[in-house]
Amino acid sequence: MSAERQETDSSGADKKSFNIRVPQAIALRIEEQALSLATAPTTLIQSIIVRHFENEGRFSEIESATQTAMLMKLEAIRQLCDLIEETESKRYGQMLFETVKTRSAVLHSIDQTLGAAAIDSIMDACEEAARQYIAQLSTETEEGR
């Protein structure tokens, strides 16, 4: 800005004048826009500057309100995810408990009717099936990488 001066407009409002230089390409765009709006380039520039600084506070309030609303929604989603994880964990624990309880009852029943040798044979078969299952999961996990 090369110079400034204080003036009062027709409405009695104090105004300050600035002399500025803009690149030729921008100047041409300002003149084209002013012509399309049937106004003077100076009036167009004034309205752009005034609108920018008058709305600056409103935009930041709107942005702040929008960000706050988004943060509240994200927090609600996070809480739902926590609840889902907690619920899944409880379900898993309940299923594990039921499985172990059922297994104990079945093994006790077999032990009473077939004896220890049959139980040992069943346990060996179960352990082998578990090893194979874990090996299969491990292979699938490595292939997925």
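Ile122 is partly exposed, with a relative accessible area of 31%; here buried means under 20%, exposed over 50% and partly exposed in between, using a 1.4 Å probe and protein chains only. Ile122 sits in helix α3 (residues 116-144), where helices are DSSP runs of H or I of at least four residues and strands are runs of E of at least two, numbered from the N terminus. Between the C-alpha atoms of Ile122 and Leu107, 15 residues apart along the chain, the separation is 9.0 Å. The model is predicted, so to read it well, note that local features need pLDDT of at least 70 and side-chain atom pairs count only at pLDDT 80 or more, while totals for chains, interfaces and linings use all residues. Residues are numbered from 1 along each chain as its sequence is written, and side-chain values use heavy atoms, with hydrogens and water left out.

Salt bridges come next. The structure holds six of them, each defined as a side-chain nitrogen of Lys or Arg within 4 Å of a carboxyl oxygen of Asp or Glu. One of these joins Glu75 to Arg78, with the closest N and O atoms 2.4 Å apart. The two residues are three apart in helix α2 and therefore separated by about one helical turn. Glu75, at 32% relative accessible area, is partly exposed, and Arg78 is partly exposed at 40%. Together with Asp82, Glu75 and Arg78 are linked in a network of salt bridges. Lys90 and Glu86 also meet in a salt bridge (3.4 Å, N to O), and both lie in helix α2, four residues apart. Lys90 is exposed at 55%, whereas Glu86 is partly exposed at 43%. In helix α3, Arg131 and Glu128 are three residues apart and form a salt bridge with closest N and O atoms 3.5 Å apart.

A pocket is an open set of points on a 1 Å grid over the protein atoms alone, with protein on both sides within 12 Å along at least five of seven lines, and lining residues have an atom within 4 Å of a point. The lining includes Ile20, Arg29, Gln33 and Leu44.

Ala38, finally, lies in the loop between α1 and α2 and is exposed at 73%.

Note on methods. On a 1 Å grid over the protein atoms alone, a cavity is a set of points where a 1.4 Å probe fits but cannot get out, and a pocket is an open set with protein on both sides within 12 Å along at least five of seven lines; lining residues have an atom within 4 Å of a point.
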